[in-house]
Amino acid sequence: MKKNFSHYPLKQLVAASCFIVFPIVAVAEADQIQSVELNGINATNKVRQGEPTIVSVFGKEEFARYGDTVLSEVLKRLPGVTISESKNKGTVISLRGLGVGYTQILLNGETMPDGFAIDTIAPENIERIEIMRVAGADSSAQGIAGSINVILKKKTSQDQTEVKWRLNQQLGYVDPGLTFSSSGKSGDLAYNLSAVLDRSRTDNNDRIDEYLLQKAAADSRQAETLLSARQLQQAAQVQRDSLSITPHINWQINPDQTLSWQGFINQVYVHQTKQESETTLAGATTDFPRNTSVWNGHLSTTRNTFSWERSLENDAKLSLITGWNYFRRASFFQFWGSDGGGQLLQHRDVSADANENVFKLNGKYLVPAIKDHVLSMGWETSYGKRQEQRTEHDHDAGENQVLYTNQQYDASMTKVALFAQDEWRLSENWLSYLGLRWEHVRVQSDVAGDFPLTHTDSLLSPIVQTVWKLDEQRQWRFALNRTLKAPTLVNLIPRIIRIDNDNGPLNPDQQGNPVLRAEKSWGLDVAYEQFNAEGSMLSASAYMRKISDVTIDSLSQQANGWLVMPVNNGNAVVMGIELETKFALTAIDVSLPKINLHANLNRNWSRVMNVSGSDNVMPDQVKFSANLGMDYQLQAGWTLGGNYAFQTQGTERASAYLYSSQNPERKLDMYSVWKVNPQTQIRLSVSNLLHQDSRQRADYEDTQIRAGQQIVKASNAVWHLLWEQRF
C-alpha cells in the first residue's frame, strides 16, 4: 500500500521545485518570448451567455493545459463533472454525481456503443467539450443527469502543421507518445488531420480484507461465530497501446452548398496480467487461494459521417447527415487457479467477441425567417446489428475438460426520433426555447431460443427553457424537461457472468434481466448567472429530478452461489445545488498578479423510496464535489497553474441488507508551460500528485450471516513532459 504523499515533505519540495526551475531559462530570454494572455474565459462566457439552453462550452485552450493522455483526466476538472471508480463497473463519468448510465456521453452528438471506453478518445483529437445540463430537442433524451458532448477536431481555417512529442512517467515506467496534426485549404477544399500514437504502462496494487460471521439465533445469547477471515493481495500490470486518427474534409460546392466528411479511427490494444495471493486468518480458504490471469483485448472503432448543407431562400436551411459506425471488441482471457501450495486446480480459457454496425440518416430543416423566431424541425433514424459470442473452456489439473459453454446472440437495434424546436424572443430581455421530441428505441434478439428478447422504449419529451436578462451582465434561467435512461444490452441479456474466485454476497456473479424497464424522469432546473466584461462569471443553480422505475441491483443466493441482477424498484427523487465562478485578479486591481481563478462546488441529495433505512441514496452517487484551480502568468511566455479536487460519496444503502461506503478523494494536479517562441512550447505537468489510496467498504447482513469487505487501492502520480512544435 502506498503511503500518503504528505508524509514526505522532501518529495513535495522536489516536485514543486520542478515547476519553478524547469522554465527558469525563460527569464533570461524574456525579450524573445511572445506574450501569452489567458483569454479563454471570455470566449466560453459569450457562448454560454447567448445560448437559450443550459450548456457550457470548453475549448481546447481550457482543457489542454495539463497535457492529459486520457479523457477522464480532462473531464474531472470541468464544472459539475465527477469521476469515480465503481466495483465491477470501472470508471464512472457523471453529472449531478449520479452513477452509471445517468449521464449521456456523446461523440459529435451521437451515442456510443455498449462496451466503448471513453478513455480511448485521445484528448489531442478533441476540438471542444460541451456540457448540456438540459439538452435541446435535437439531442437524444437519454441523459437524466445531462449530457457530455465531445466534439472532434474540425477546424480548417488556416494552413498549419503541429507535432507533439511526449514522455509519460509513472512508477518507474517511461512511455512515449506522438501527436501529429495538419490543416490547410486548397481552392474549395479544406482539410484537417489529427493522429495520436500513445503507450501507457502501470501497476495496480489492491488489498482486500474480508470476513464472514454466522449469527446466533435471535433467542440465543451465544456470540457470533467467525466462519472465515482472509486477506487477498492483488497485483496487476497493464499495458495499453493506442492509435487514434481523426480526419475531416470540407468541400464548398458553391456559396449555398457544403459537403463534409468526418472520420474517426481508433485502435486500442490492452494487455493485463494479474496475480492474487491469499492469507487465510480463520476458516476455509477461497476456491483458489493463489491464482493468475492474463487478459488481452483489442478495441476497434470506425466512424464515418457525411454532412450536406444547403442554404435556401429567406434564411432557410436544409441539412442531411448520413454515416456508418463500426465497433469491435475482441478479448481473450485465461485463468489459472491453484491451492495454497501452488498446485494447479483449474484452468479457464474464455474468448469473447462483440461486433456492432450502425447506419444512420438524420435531417434538419431550418424554417424560413419568422420575426422573433428561430424554428427548426427534423428527424433521426438509425439501424444497427450487434453480434456477441462468449466461449468458455474449463479444465482440471489434468487438462480434462469439466465445463464448456458457448453463448451467443444477435441483436438488432432500431432508433427513430422526430423533433421540433423554436427559439422565441419574446422581448429584448426575454428569450424562450420550446422543444418537443419523440424518441423510440427497439432492441430485438434475432436468434430464437438463444437469449430471446424484445425490448421497446418510447418517450415524448417536452422541453421548456427560458432566459430572463436583468441587464447586460445578469440573467436567470429556468428549464423543464423529460428524459429517460434505457437499459443497456448487457443489463437485458440473461447471461450469467461468473466471478473467477471468491463468490459471495459482496462478490456475486452477474446476470441481465430481459424484463428490465427504462427509467423515466421529469426534471426542473433554475440558475442565476452573472457575466462581467473582463471575463469573470458567477453561476448558482439548483435542480431536481423525479425518476420512476429506478434500477437497483437485486442480490440473491442461488444453488450455485450468490447472484446480482438489475431490477426496477419504484421511484426516486434527486436534487442538488451547483456553484461556479471564475475571474482574473487583474479585474479587481490591475496591479495584482496575472492569475485566473476558477472554482466550482456541487452538493447532491437523493432518496430511493422503496429502500428502507437511512442512506437510501441513488447507486454510486457522489454527494459532494469541489474544484479549486488557478492559472498564473508569471511573466510573458511562462504560465503555471494547478487544480485541487475533492469529492465524497459517503454511505449508500442498496437494500435492507447491503450497504457500502468510500473514503473522500483528494487530488492535486499541476502544470507549467514555457513558450520558447511563437512556434515552440514545452509543457511539464503532473496529475494525482497526492496519490491518495482509495478505500471502499461493503457490508452485508441478514438474519443468518454478516459479511464485510474492505478494498484498498493504491494510486500513483503521473508525470507528463510535452514538446509542442508548429511549422
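1. Helices (H or I, at least four residues) and strands (E, at least two) are DSSP runs numbered from the N terminus.

2. The model is predicted: local features need pLDDT of at least 70, side-chain atom pairs count only at pLDDT 80 or more, and totals for chains, interfaces and linings use all residues. Residues are numbered from 1 along each chain as its sequence is written, and side-chain values use heavy atoms, with hydrogens and water left out.

3. The volume of the second largest cavity is about 190 Å³, where a volume is the space filled by probe spheres set on grid points that are joined across faces, edges and corners. Its lining comprises eight nonpolar, seven polar and eight charged residues. Here Ala, Val, Leu, Ile, Met, Phe, Trp, Tyr, Cys and Pro count as nonpolar, Asp, Glu, Lys and Arg as charged, and the others, Gly among them, as polar.

4. The structure holds five cavities of 30 Å³ or more.

5. Which elements each supply at least two residues of the lining of the largest cavity? They are α4 (60-63), β27 (572-584) and β28 (595-608). The largest share, four residues, is that of β28. By residue class, the lining of the largest cavity has eight nonpolar, five polar and six charged members.

6. Leu 171, although not a glycine, has a positive phi of about 50 degrees. Leu 171 sits in the loop between β8 (160-170) and β9 (173-186). With a relative accessible area of 33%, Leu 171 is partly exposed; buried means under 20%, exposed over 50%, and partly exposed in between (1.4 Å probe, protein chains only).

7. Asn 688 is another residue other than glycine with a positive phi, near 60 degrees. The loop between β34 (680-687) and β35 (694-701) contains Asn 688. Is Asn 688 buried or exposed? Asn 688 counts as buried, because its relative accessibility is 8%.

Definitions and conventions
1 Å grid on protein atoms, 1.4 Å probe; cavity = no way out; pocket = protein on both sides within 12 Å on 5 of 7 lines; lining within 4 Å.
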